[in-house]
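Let's go through the aromatic rings of this one together. Have a look at the model first.

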Amino acid sequence: MKNLYRSLLMAFTLGFAASCSVEDVEPNQPLSHTSTDSATATQDSHLTMGNPSAAGTSYSNYLVSKPQYVMSYNSYRGTPNWVSWHLSSAWVGSAPRQDDFRADTSLPSAFYRVQSTDYTGSGFDRGHNCPSADRTLTTTDNSATFLMSNMIPQAGPNNQQTWANLENYCRTLISAGNELYIIMGSYGKGGTGSNGYAETLAAGKITVPNRIWKVIVVLSNGSGDASRVTSSTRVIAVNTPNTTSISSTWGTYRTTVDAIEAATGYDLLSNVSASVQSTIEARVDSGPTQ
């Protein structure tokens, strides 16, 4: 009887959310969400799906854990290897965008702490990994996304169009009663910004990545999330070139988790059962893109 009640409640919740229109938003702006979504959604661990690179104390694979996201930071590149975060309507509120780009003073003193001005005149955006609009419950949450440890040198059209469209799509999914586990990363060396091709910024202290990727696990709101991932769970994997010559349609760049793992050496979704991983990591998503 308890399971039946929960099933009926979830069906009602999803049906109600689907009946509400999703408003058009500017890039990096939060979506409105219903009180029903807020009541059922929770804030969960950012590493529920695993620690992709077994990040720890290595200067090239340094684990940084914040309330808003977790990352593997590479002090030699001056950027994250990857950033992982949980997204549900429980993270979304009305806090305004802070735009307080600044150095992350929590990094070890031996690391070069990237400054906002290191990107000035470079032709690359200060590209968020965990987006500002994914953290709008409090000003503290939003401000945390503007730490330079959360940034990569990102070509403007890549950041403002392709990735912005994907980020906005993710927020439509949570407004419909889903929660997401998102991992974003970059690799390689050399990208093309508005000033042309570059491999580094700040006299070599910051590496311009060649590729930028993201993996998104989509689940209906609930608990015990890693164990709820099945062979039919939607997993979106995207891998884009870091260039100004890029389609604004993120679906063009869909790939497999396996392919991203092969390129990076990471073990993504490692907390999901091996048999399920073998299916979902080999599949290219074919779902809607807006």
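Rings of Phe, Tyr and Trp (the six-membered ring for Trp) count as a pair if their centres lie within 6.5 Å. Keep in mind that this is a predicted model.

Q: How many aromatic pairs does this rule give?
A: The rule asks for ring centres within 6.5 Å. Counted that way, the number of aromatic pairs is 6.

Q: Is the pair of Y73 and F111 stacked or edge-to-face?
A: The two centres are 6.2 Å apart, and the planes make an angle of 20 degrees. Planes under 30 degrees apart count as stacked. So for Y73 and F111, with 20 degrees between the planes, the label is stacked.

Q: How many residues apart are Y73 and F111?
A: Y73 is in strand β3 (residues 70-74), while F111 is in the loop between β4 (79-87) and β5 (125-128). This pair links distant parts of the chain, and the separation is 38 residues.

Q: Which parts does the pair of F101 and F146 tie together?
A: These two rings sit edge-to-face, 4.9 Å centre to centre with 90 degrees between the planes. The partners are 45 residues apart in sequence. F101 lies in the loop between β4 and β5, and F146 in the loop between α3 (139-144) and β6 (151-154).

Q: Is F101 buried or exposed?
A: Buried means under 20% relative accessible area. F101 has 17% relative accessibility, so F101 counts as buried.

Q: Which residue lies over the face of W91?
A: Look for a charge above the ring here. At 3.7 Å from the ring centre of W91, the residue is R135.

Definitions and conventions
Residues numbered from 1 in each chain as written. Predicted model: local features only at pLDDT ≥ 70, side-chain atom pairs only at ≥ 80, totals over all residues. Heavy atoms only, no water. Phe/Tyr/Trp six-rings, centres within 6.5 Å; stacked < 30°, edge-to-face > 60°. Helix = DSSP H or I, 4+ residues; strand = E, 2+ residues; numbered from the N terminus. Buried < 20%, exposed > 50% of the residue type's maximum accessible area, 1.4 Å probe, protein only. Lys NZ or Arg CZ within 6 Å of the ring centre and 35° of its normal.
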